[in-house]
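Hello,

Here is the structure I promised to pass on. My notes follow below it.

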Amino acid sequence: MKTAVVIVAAGKGLRLGGPVPKQYRRIGGEMVLTRTLRAFLDAPIAGPIAVAIHPDAHDLYAESVSGLDSDAHIFPVNGGAERSDSVRLALEALEALAPHVPDRVLIHDAARPFISRAALTAIASCPDGALLAERVVDALWREAEPEGSPCADHPVPRAGLWRAQTPQAFPFADILAAHRDAANQDGPPALDDAEIFRRAGHTVRLLPGEPENFKITTEPDLERAEKIVAAAQASRASASGRVGGGGGGPATQPDPVLDAEGTGTMETHIGQGFDVHRFTEGDAVWLCGVRIPHSHRLEGHSDADVGLHALADALYGALAEGDIGTHFPPSDPQWKGAESHVFLRHAADLVRQRAGRIVNTDLTLLCEAPKILPHAPAMRARLAEIMQIDATRISIKATTMERMGFVGREEGMGCIAVASLELPTS
């Protein structure tokens, strides 16, 4: 399947102030657009990359691509008045590559330079329309504006709400047709390409996004990006020193964020978690994010995934941040039936927000059935995806209870989890 990419770099980025648009500002001495393009070149996505740019930015664009792989098929396209116009023009430029027209296309904002290889691989492999997004877990309030000072008006229910990211992925012919139709219609503009695709009658899937995949829009965003790059450079330098000065391989997890003090001194933190759920009528269990056919399912307030629950609590414990119930109270009805990867991702995000990293995790599932070993590789892969670490840092084991106790009587399952973190010295 041939997959092309559209990078939207046509905006002026005025919210950053200054004469240089945000996509051409520098972080760690390198343009934002350069870093974004490199992320796609380093991912297993074969196909041309059309970059929609402002007509006045050709010199900046040329500088941004000057140090990239000269064999890569990257080319600029003059953008239009609106973002949707820029995307449509880039799609039409890709269509003009006939007979090498792509089957699918990823559409991405140039100002999101920290998109990970794992996220790109996941969305590129989705056969339908799809977008990366994060569940909204914070309280939402609509503002009132008495005498020009914003005040809280009323809360907005956050159940079922997601924050959209890019890239968004689509069948090429369908999204091009949808954009052409949208250009000829009146009415309010669509928020993004996914809305244009849905208005044309298609379905868009939601895939879990990543907090690192934020959009650089303001000066604080740029400062955050600088810290991420600085932390990554310090981490690589530290790793190189620990192995005798050799040049290590590619990073196995996303770049950490520096703590407020910028300290590079780290210490080890260990956390443990335990969870148990009883069996009830059903036809499958969720374990470590993987659905396994079984004669029963596990009963719980959420999806009762004992592996994800125990591991999340291990991370929270290592951070001294309570447990799942602290952050996602079972008394809150919005979490009833929730997918448990939300809890584990939140815990992993807290590690990165504390400028830390997950060194390794070890899980032991307690059950008589189902058999765990055949599913362990898929479980490790899913946990690696959720926590954004390499699967080699994850161990999954299983043991029976020799027919003793409630586990031995197959009344339920349990899991014991241990997590090791590196965190800045306080």
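Asp362 is partly exposed, at 27% relative accessibility. Buried means under 20% relative accessible area, exposed over 50%, and partly exposed in between (1.4 Å probe, protein chains only). Lys397 is partly exposed too, at 35%. The side chains of Asp362 and Lys397 meet in a salt bridge, 2.6 Å from N to O. That term means a side-chain nitrogen of Lys or Arg within 4 Å of a carboxyl oxygen of Asp or Glu. The pair links distant parts of the chain: Asp362 is in strand E16 and Lys397 in strand E17, 35 residues apart. Helices (H or I, at least four residues) and strands (E, at least two) are DSSP runs, numbered from the N terminus.

A note on the source: this is a predicted model, where local features need pLDDT of at least 70 and side-chain atom pairs count only at pLDDT 80 or more, while totals for chains, interfaces and linings use all residues. Residues are numbered from 1 along each chain as its sequence is written, and side-chain values use heavy atoms, leaving out hydrogens and water.

The whole structure has 26 salt bridges. One joins Arg180 and Glu92 at 3.2 Å, N to O. Arg180 sits in helix H5 and Glu92 in helix H3, 88 residues apart. Another joins Asp349 and Arg352, with the closest N and O atoms 3.0 Å apart. Both Asp349 and Arg352 are buried. They are three residues apart in helix H10, about one helical turn.

Disulfides (cysteine sulfur atoms within 2.5 Å) number zero. The sulfur of Cys415 lies 5.9 Å from the closest cysteine sulfur, in Cys288, too far for a bond.

Best wishes
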